[in-house]
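Please show the model to be discussed.

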Amino acid sequence: MITQENTELIYRNIIENMSDGVMVIGFNGVITYINEAAAEIIGMDKENLLNTKIAAVFFQYDENDALTQLLLDSVYDGTERNSGMVDYFDGTNKKKLYVTTAYLRNEEKEQKAVIVLLSDLTEIKKLEEEKDKITSTFGRYLSDDIVKSLLESPDGLALGGKKCDVTIMMTDLRGFTTISENMLPVDIITMLNNYLGEMVNIIDKYEGTVIEYIGDAILAVFGEPRHSACPEASAVACAIEMQNRMNIVNSFNRNNSFPPLEMGIGINSGVAVLGNIGSEKCTKYSVIGKNVNLCSRIEGYTVGGQILVSQSVKDKISVPLDIRGEVSILPKGIKIPLTVYDVASIGGDYGVGCTDDDTAILALVNDRVMVNLFKISSKHVSETPIVAKLTAISERRAEVSFFGTDEISEFSDFQLAAVSEDGTIVFTDVFCKSVCAGDGKALLHFTAVNNRLMKFVEKYKKM
Amino acid sequence: MNIEKIINGTELTLIFEGRLDTNTSKQAEESIKDSIEGIQNITMDFGKLVYVSSAGLRVILSVQKKMNAVGGELVITNVNDVIMEVFEITGFSDMLTIK
């Protein structure tokens, strides 16, 4: 039972055993009372602090100015309490303290004292800093939206995904493997990081979320987890801006003596599963489903600078779309041919169009130059070439005509070697994709070039 | 903050006007450092000083140390009531010579 007699005992016990520090500074700046916790926080023995002047304890280091200022503030402010988070340095360790000071002044102004409360928040502050560091590191490996949805929703980290309607974008750098073969690893990374940095900024601008990088390819989704009014239109506008940005990317490459890059983009929309795939020990945030696979197939048909979108994407866009062409494709696993659309610009509020003209003027090749086309299937180069005559050429494309009934199919990949009439090798190790074929002719779009080819092109451009 | 300096042989008088806070303390330190050569005694007149911060207290303490080292003295004069209370609660009133 609490009585008048034992009240003081009880309160004294409470203060003696508190985990927070309590100090009373009396007349002439002398510590007249201090509990165990305060002594521990200050980093000195209780016996050495009692009846010591605070000037000797706290005024040695300028790190403690904020703390001593709180003492002064309690005098200047009179009856108000003053609190704040301050640094404390005891000569060896630095701590973060939450300090409250209150000035006690009786009516006759004879007895004055300052009550000081101290809480050691060093550990909590450290944990906060670590948490911030982890979140920001996390944010470097996954986009912010994914981090947010993983950490902030109650089942964010649970395995499993949700089925949703999304727009999927896949980008790929044409012939990257070949291009990077002769580069130093540090240069490949520099070139790739610059390119990816530029592209990710644009994807973010259009409210897309990067799911992952697959080598030099980017897989991004629009519509989830960030919502947009028309994810299909956002994705298309984004793709166009990304293609336009390749000028800046290649400018960087030129300045660093890196080779030029070309990118193809495929866009598809439909149902997919978005979420945490894998096991507790190894989890990946991903998007899966047949619509993701289809997007990848569509992208496979693109040449550098091209954006191909599926019917489902075109149908959902109500603003004007400038379509350069339609292509009928029959990807692996699909039974009936699909139409995909080569998009050049998008109107309405998006208002962005491709600035790069894909079809550079081809210079005629009057000399007799033969091109050997070695077909590439499933990354395997055929040993037997189809031979054709080179009729026209530019930095990006070549026109060939075939002999007899020879022909090639569209959207096939080839490795090229060209030989002049006298048997001299004109260029080799050039890669291309056939974009148009028929009537004994074909138009080839280069996917990997080299200096020898460029010198050859220069010669005919000057003629 | 203004500091008026009066030098009389080895006596330096500093008349402070305004606030001696974190920013102006640096200014004060520099100003005193410039004039301290050959000085034996310093008088700080706080008649027009309205506020001293903890940084200010440290500057005062360091000046006193310097004077003690040359066998001289720091005297503080015309301290107002509030600043006097600050000196008392921090124990500076015992450490400084206040007139």
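**Reading a two-chain model**

A: Leaving aside neighbours within four places in sequence, A:Ser234 is in contact with A:Tyr206, A:Phe222, A:Ser228 and A:Tyr350, where contact means heavy atoms within 4.5 Å. This is a predicted model, in which local features need pLDDT of at least 70, side-chain atom pairs count only at pLDDT 80 or more, and totals for chains, interfaces and linings use all residues. Residues are numbered from 1 along each chain as its sequence is written, chains are lettered from A and ligands numbered from 1 in the order in which they are written, and side-chain values use heavy atoms, with hydrogens and water left out.

Q: In which helix is A:Ser234 found, and is A:Ser234 buried or exposed?

A: Helices (H or I, at least four residues) and strands (E, at least two) are DSSP runs, numbered from the N terminus. A:Ser234 is found in helix α10 (residues 231-255) of chain A. Buried means under 20% relative accessible area, exposed over 50%, and partly exposed in between (1.4 Å probe, protein chains only). With a relative accessible area of 5%, A:Ser234 is therefore buried.

Q: Which residues does A:Phe446 touch, not counting residues up to four places away in sequence?

A: The list includes A:Glu262, A:Ile393, A:Leu416, A:Val430, A:Phe431, A:Cys432 and A:Leu453. A:Phe446 belongs to strand β22 (residues 441-448) of chain A and, at 3% relative accessibility, counts as buried. The C-alpha atoms of A:Phe446 and A:Gly304 are separated by 8.2 Å, although these residues are 142 apart along the chain.

Q: How are backbone angles to be read?

A: Most residues other than glycine have a negative phi, and most peptide bonds are trans. In this model, the peptide bond from A:Glu224 to A:Pro225 is cis, with omega near -10°; A:Pro225 is found in the loop between β8 (217-222) and α10 of chain A.

Q: What is the phi of A:Ser257, and what is that of A:Asp429?

A: A:Ser257, which is not a glycine, has a positive phi of about 60°. A:Ser257 lies in the loop between α10 and β9 (263-278) of chain A and is exposed, at 68% relative accessibility. Phi of A:Asp429 is near 55°, also a positive value in a residue other than glycine. A:Asp429 lies in strand β21 (residues 425-438) of chain A and is partly exposed, with a relative accessible area of 44%.

Q: How many helices and strands are there in chain B, and in what order do the elements run?

A: Chain B has 4 helices and 5 strands, which run β-β-α-β-α-β-α-α-β from the N terminus on. Of its 99 residues, 49% are buried. Among contacts in chain B between residues at least 6 apart in sequence, 66% join residues at least 24 apart.

Q: Where does B:Gly9 lie in chain B?

A: B:Gly9 lies in the loop between β1 (2-8) and β2 (11-20), and is exposed, with a relative accessible area of 61%.

Q: How many helices and strands does chain A have?

A: The secondary structure of chain A comes to 13 helices and 22 strands. Buried residues make up 48% of its 463 residues.
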